[in-house]
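Me: I am new to this structure and would like to learn how to read it. Could we go through a few features in turn?

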Amino acid sequence: MKTHIALLRGINVGGHKKLKMADLKLLFEGLGFENVVTYIQSGNVIFSAAGERSLSEKISNEITIKFGWEVPVLVKTGEAIAEILADCPFDETKKTETYYMLLTSPPKAKLMEAVREISYPNEEFVLTPECVYIYFGNGYGNAKLNNNFFEKKLKVAATTRNHRTLAKLVALAG
């Protein structure tokens with residue numbers, strides 16, 4: 001069995017798609033996953049599973065069945081998330097303030113090229129096929145380059161976490 005980290009997009013944000021972590025844990029256990037641990041209310045789950053195929057789809061489908069809404073789910077191994085953290089292109093002073101927008105699939109090269117040309121004052125980003133590393137000089141709340149912006153431009157689903165959350169998930173994944 002491998003340890004995986006599931007990141008759910010858009011639950012418990014602004015009162016929409018409310019999902020208690022206890023219910024989410026039960027859902028994962030009902031799917032046969034083991035060592036299920038949730039972390040904070042934004043849809044982060046560490047779990048063990050034998051297979052690696054279609055975990056995102058399996059979890060997303062079960063959420064639709066049980067709760068009635070579609071939720072994009074990104075699943076990566078703990079090692080893959082640790083590598084994304086280690087590959088952060090920003091220096092140490094910015095790294096702890098960096099946001100990581102994890103992409104559910106690699107965007108088309110043409111779309112990535114077009115997005116790399118975009119810039120906004122006080123917002124820096126580095127785009128890779130699996131992650132957009134973002135540093136906001138004025139904070140995330142005032143950002144133009146947010147999750148919805150990149151999803152529309154890259155035509156892929158994404159979910160964003162800050163450095164502290166991803167580092168904690170990697171630590172919990174052991």
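Reply: We will look at a strand with its partners, then at a pair of helices. Keep in mind that the model is predicted.

Me: Which way do the side chains of strand β7 point?

Reply: In a regular strand the side chains alternate between the two faces of the sheet. Here C131, Y133 and Y135 lie on one side of β7, while V132, I134 and F136 point the other way.

Me: How many of the residues of β7 are buried?

Reply: Six of its six residues, which span 131-136, are buried.

Me: How many residues lie between β6 and β7?

Reply: Three, and the two strands form a hairpin.

Me: At what angle do helices α1 and α2 cross?

Reply: The axes of α1 (residues 21-30) and α2 (residues 55-67) cross at roughly 120 degrees and come within 11 Å. Angles from 65 to 115 degrees count as roughly perpendicular and those over 145 as roughly antiparallel, so α1 and α2 are oblique to each other. The crossing is right-handed.

Me: Which residues make the contact between α1 and α2?

Reply: From α1 come D23, L24, L27 and F28, and from α2 come I59, E62, I63, K66 and F67. Sorted by class, the contact has six nonpolar and three charged residues, and no polar ones.

How values were computed:
Residues are numbered from 1 along each chain as its sequence is written. This is a predicted model: local features need pLDDT of at least 70, side-chain atom pairs count only at pLDDT 80 or more; totals for chains, interfaces and linings use all residues. Side-chain values use heavy atoms; hydrogens and water are left out. Axes are lines fitted to C-alpha atoms, for helices over the stretch in contact, and angles run from 0 to 180 degrees between N-to-C directions. Helices (H or I, at least four residues) and strands (E, at least two) are DSSP runs, numbered from the N terminus. Angles under 35 degrees count as roughly parallel, over 145 as roughly antiparallel, 65 to 115 as roughly perpendicular and the rest as oblique. A crossing is left-handed if the near helix is turned anticlockwise from the far one by less than a right angle, and right-handed if clockwise. Contact means heavy atoms within 4.5 Å. Ala, Val, Leu, Ile, Met, Phe, Trp, Tyr, Cys and Pro count as nonpolar, Asp, Glu, Lys and Arg as charged, and the others, Gly among them, as polar. Buried means under 20% relative accessible area, exposed over 50%, partly exposed in between (1.4 Å probe, protein chains only). Two strands pair if DSSP finds at least two bridges between them.
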